[in-house]
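Let's walk through this fold together, starting with the chain as a whole and then zooming in on a few spots.

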Amino acid sequence: TKTTDTFKLRGIIDRIDIVRESSRKVALKVIDYKTGKAPNLKYSPAMNQKIFQEKFYQLKIYALLLREKTEASAKKDETDKMDLRYLKLHFLNSEEGKAKPWEMDLGETQEIRDQELHAVHQDLAQIWKDINALVDTQDPKAFVHCDRPFCSCHTTREGFEPGTVWDN
C-alpha cells in the first residue's frame, strides 16, 4: 500500500486581474468564465450557500495552485507581493438572459485566506488518498461514485461498454 500527500494538479486560469481595494491596496482576482447559465439561487439560505461554495471550488483550487506556485518561486521583496484575495465566476448567461458575475472574497487577512486554501489542499489530498486506496484494492466493483459534482467519475463510468469488467 502506497499513499502519499504529494500529487500533481494543474488547471488553466481564464484571467487574473489586479484590482484596487477601498484601502488603496492592490490585490489579485482570479476570474473564470462559464458558458452555462448562472444557477438560480431560489432555495433556502443554507442550500444557496452550498451551491455558491460548490461553484467556487474550482476557483479555490486555482487560487491554491497560484499561491503554491508564487510561494515556490518567490524571490521578490515582501512589499512587492500582491495578495490573492478575490475570486469571480462570470456566467455568460442567466435566467434573465444576460451575463451574471458572482464574486467571492477569500478573506480579509492572509491568515483567513491561508486557512481557506489549506482546507482545499486537505480536501484534494484526501481525494488522492481515496483514489490510491481504491486502486490498491484491485477490485473493480469497489468503485462508487463520489459526491463531488466536478469529478469526472459521474460521466466516465457510464462510458464503459457492456460486457467489460464493470458488468461482471
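Among contacts in the chain (heavy atoms within 4.5 Å) between residues at least 6 apart in sequence, 60% join residues at least 24 apart. Before going further, some ground rules: this is a predicted model, where local features need pLDDT of at least 70 and side-chain atom pairs count only at pLDDT 80 or more, while totals for chains, interfaces and linings use all residues. Residues are numbered from 1 along each chain as its sequence is written, and side-chain values use heavy atoms, with hydrogens and water left out.

The chain has three helices and four strands, and from the N terminus on they run β-β-α-β-β-α-α. Helices (H or I, at least four residues) and strands (E, at least two) are DSSP runs, numbered from the N terminus. Of the 168 residues, 29% count as buried, meaning under 20% relative accessible area with a 1.4 Å probe and protein chains only; exposed is over 50%, and partly exposed is in between.

Now for the strands, which pair if DSSP finds at least two bridges between them. Nine bridges join β2 to β3, and these two run parallel; Ala27 stands opposite Asp83 in β3. On to β4: six bridges join β3 to β4, this time antiparallel, and Lys88 has Glu103 in β4 as its bridge partner. The β3 and β4 hairpin has six residues between the strands, and there Gly97 takes a positive phi near 85 degrees. Nine of the 11 residues of β3 are buried, so β3 is largely enclosed by the rest of the structure.

At 3% relative accessibility, Asp32 counts as buried. Its side chain makes a polar contact with the side chain of Lys34 (2.8 Å). That term covers a pair of N or O atoms within 3.5 Å; within protein, one must be able to donate a hydrogen and the other to accept it, and residues adjacent in sequence count only if both atoms are side-chain atoms.

Next, the aromatics. Rings of Phe, Tyr and Trp (its six-membered ring) pair if their centres lie within 6.5 Å; planes under 30 degrees apart count as stacked, over 60 as edge-to-face and the rest as tilted. By this rule the count comes to three aromatic pairs. The ring centres of Phe52 and Phe56 are 4.8 Å apart with planes at 50 degrees, so this pair is tilted. Both lie in helix α1, four residues apart, about one turn of the helix. Phe52 is buried at 17% relative accessible area, and Phe56 is buried at 0%. Ring pairs link Phe52, Phe56, Phe91 and Trp102 into a cluster.

Last stop: α2, whose buried residues include Leu117, Val120 and Leu124. Gln138 follows α2 and has a positive phi, near 55 degrees.
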